Amino acid sequence: MTANSSKDIAITTLLSVGQHPLSARPRRAEEDARALEVMLQFAPASMKALHAGDTADAQNLTVLKDYLGMGIPSIDVIPTSADSDAAEALASYLANAGDGQPHILLTGTRSEVGESSGFLPYLLAEKLAIPFVPNICDILSIDMAAGVAEVMQSLPRGQRRKIKTQLPFVASVGMAAAIPRQSSFGAARRGVINTVSSIDTVADEAQTAWKTEPARKRPKRLKVVKAKTAAERFKAATAKVQSSGGEKIYEVDKAAEAILKLLKEEKVL
Amino acid sequence: MVIRRNRRLEWIARNRLHPEHSAVLMGVNGGDEIGPSGLVRKRPHDIGFIGPNGIKRIDRLGNSLATMAGAGAHKGQAEVSLPLYVVENASQYVAVVLDAPEGRLSEHDKDLLGLAQQLKAAADNAASTAVAAIIFSSAAPEAARIESYQLAGVDRLIVLPAESDDYQPEQRAAQICALTAQYDFIHLCFPDTVLGGADTGRRVAANLAERPATSVWKLDGTQLICRGAAGKTDITRPLSKVIIALEQCADQIDESKHECLALSADAITLSASRIEDLGKAQVNPNDIDLTEANFILSGGNGIEDWDRFHEAARLLGATEGASRVAVDDGFMPRERQVGATGKWVTARVYIAVGISGAIQHMQGIGQCDKVIAINTDDSCDMVKRADLSIIADSDAILTALIETLSNQSSAEFHPQEAVA
C-alpha cells in the first residue's frame, strides 16, 4: 500500500461548541478538537469539517474561528436552534451528500453541553448503515482496495487495541488521542464558514419535558452497618480492621520467584 | 388461707453468706419470694452472671454463651437465611445486561441490579414482573456464581452464547435486540462502562430507535436523574426503555434472595461483524498516565543503582513511580511522584522498592489492590501494608529479578518491550 492510495480518501469531522467546566465559557470541545487533530495529522485528500448549531451567536462563531485556526480551510455549518435535534439535521445532510459522503466520519465521544448522551455517532452510524468504532485515538492505515481501515482504540488504564473495520465508518475520538494543536490567528482569519441552508431541522420535543439544573453533589455511599443489636453496632463502630500484614520473605534467592508468582496470579505479567 | 412466715428461711434468704442461701432462694416458690405482706417479690439481683474477670455482667442479648465464645458469634451470623423472593408466572421483564467479567459480578453490576429491582417495583404490574439478567458466556455459570446472582437480585437469568472475549459490539447488540423482540422487556439497563455497557447500550438503543437515558444516577419515583453537559448539569426526565446508569445509581440488594431461574434465548444467526478485534497493542508502560497505570514499580531512598531500577521496570513492563525523596534528590521527574503531593495511583499491583512508607505516600497508594514491599526494615509501615514483603537489600532483589526475567525471556516469557 503506497502512501498516496491510503491518503486518497475523504474524512469529515463533526465539530461542536464546548464549554469550559469552570468558567462555562464557550470553547473548542476537547474531544472534537482531538478528532480534528487526528484528521489533520492523517492529512487525507479531502478534509471537511461540519458543525450543526446556532450561527447567529457571536460566541459560537468565535469558537468556530478557533477550529479554523487549527488549519482547516472551511467549516460547513448547518443552522439549527438550541431546541432542535442536531442528529436529524446531520443525518439528513450526510445521507443526501451523494458523492460528498465521507469515507470516515470523526466525532468526539460526547458533547460538553446539552444532553451529552454520546448517542449521536451511534445514531448517525445506524442511519447511514455503516459501522461505528468508539473511542479511537489514531487512524493507523487505510486499504482502499480491500475497503478496510485499521484504527487504534484506547481502552481504560492506558491500554490500546487495534481494530479493523470496513469503510466507510463512523468513529468517535476520545481523550487519549494526541493533544490538539493551538489555534493560529492568521489561519482563523483566512478560514471560511459556509452556511448550508437546504436542511430542514426537526424540533426536539422530548427534551421540552425535561428539567435541567446545575449538577447536585452525588451522595457518597456510606458503609452500611446492618447490626441488629447495640453490641454489634458498637463493635462495628470501634473494631479496627485487622491488617494481617502479608507474607514476609527474608531470603534473597526465594524473593524473585515469590514476586513473579504474585505478578502472574494478578495477571500483570 | 393464712400464710405462715418461716423466720429462719427469711433470715437465710437475707444472709448471702449463708451456705444454704442459694438453695433457699430457689426452693421457695420456684425462685420467687413471698414478701411479708403476702405479695410475690421479684429479685433483681438474680439477673446476670459473674464474668470471667469476677465482675457481674448483665447480658440483655439473650445469647450469653455465643458472645462469651468469640468464634460462636461469627457462626451465628453466617447462618442468617435471607427471605426468598419468588416471582410466579412472570409476564414482563426488566432486563439488565451485566458486564460480569469472567462471570463475576462487579460492584457496578450489583448497583444496576438494585436499580432494576427499583424499576420493577415501580412497574405497572409489579407482582408479575421479574428482573432478568443477561450475561455473555461460553458456558453455563457454575453453582457458586448462581448463588452470587441470587443474592444480588437476579430473578431470571439469560445466558447468551459468546464465542470469545474479543471486542464484538455489533454481535452482542444484535443478540440483545433479538432477545428484546422475544421477551419485549419493559426496560433494558446497561452499566455505563467505557467499551462495555455504555457502548452496547447505545448500539441497542440506536437499533431499537429508542432514545436512551444516559449517565443515570438516580431513580426518583418515575423520573430518572441523569448527568448532562459532561457532568455539569442534572437532567430530570421520564423513564425510558433503554437506561445506561452510572455506578452507585441505586442501593444494592442485600436483604433478600432471588430465584435466578434460567430463561431460554432463541438461537439466532448472526451476520458477519463489520468490526474485527486485532488484539491488544503493546504500549510503552511509561507512556501510561501514572494515575491509571495497572502495574507500578516505585523506587525510593533505598535504591542505590537507578539504572538497575529502570532495567527491572523495563523487563517487568511496569510503569515507573517514585517516592518524594527520590524525586527531590533528582533521580526521577516530578510527574512520577506517588503520594499526597504527587499522583494518587490506582494500580492493581504496586511494588515499593526501598520505600518505608511515609503517611503521605501511603495515602497515594490507598486504592492499590496488591502491594509488594522490598525493604531492609521489617517493621516499616510499607511492610505492614504489603501483601508480600521481601526483607532484603533492594539492589540484590532487583538484580535477582532481572536475572530471573532475562533467563525466562529466552524461553517462554514475553516482556512488554518499550515501543517508541
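Predicted model: local features only at pLDDT ≥ 70, side-chain atom pairs only at ≥ 80, totals over all residues.
Residues are numbered from 1 along each chain as its sequence is written, chains are lettered from A and ligands numbered from 1 in the order in which they are written, and side-chain values use heavy atoms, with hydrogens and water left out.

Chain B is divided into domain 1 (84-263) and domain 2 (285-406), with bounds that come from an automatic or database domain assignment. The centres of these two domains, taken over C-alpha atoms, are separated by 40 Å. In an unreviewed entry, UniProt lists residues 96-222 of chain B as "domain: Electron transfer flavoprotein alpha/beta-subunit N-terminal"; positions are given in the numbering used here, feature names are shortened, and annotations may be inferred rather than shown by experiment. This span is 42% helix and 24% strand, and its end C-alpha atoms lie 18 Å apart. Helices (H or I, at least four residues) and strands (E, at least two) are DSSP runs, numbered from the N terminus. For residues 289-365 of chain B, UniProt (unreviewed entry) lists "domain: Electron transfer flavoprotein alpha subunit C-terminal".

Within chain B, the axes of helix H7 (residues 169-183) and helix H8 (residues 197-208) come within 9 Å and cross at roughly 55 degrees. Axes are lines fitted to C-alpha atoms, for helices over the stretch in contact, and angles run from 0 to 180 degrees between N-to-C directions. H7(B) and H8(B) are therefore oblique to each other (angles under 35 degrees count as roughly parallel, over 145 as roughly antiparallel, 65 to 115 as roughly perpendicular and the rest as oblique). Residues of H7(B) in contact (heavy atoms within 4.5 Å) with H8(B) include Ile176(B) and Thr180(B), and those of H8(B) include Arg203(B) and Leu208(B).

In chain A, helix H4 (residues 86-95) and helix H5 (residues 120-128) have axes that come within 10 Å and cross at roughly 35 degrees. Among the contacting residues are Leu90(A) and Leu94(A) of H4(A) and Leu123(A) and Lys127(A) of H5(A).

Two backbone features were also noted. A cis peptide bond joins Leu167(A) and Pro168(A), with omega about -15 degrees. Pro168(A) lies in the loop between strand E9 (160-166) and strand E10 (169-173) of chain A. Glu102(B), although not a glycine, has a positive phi of about 55 degrees; Glu102(B) is placed in the loop between strand E6 (92-97) and helix H5 (107-122) of chain B.
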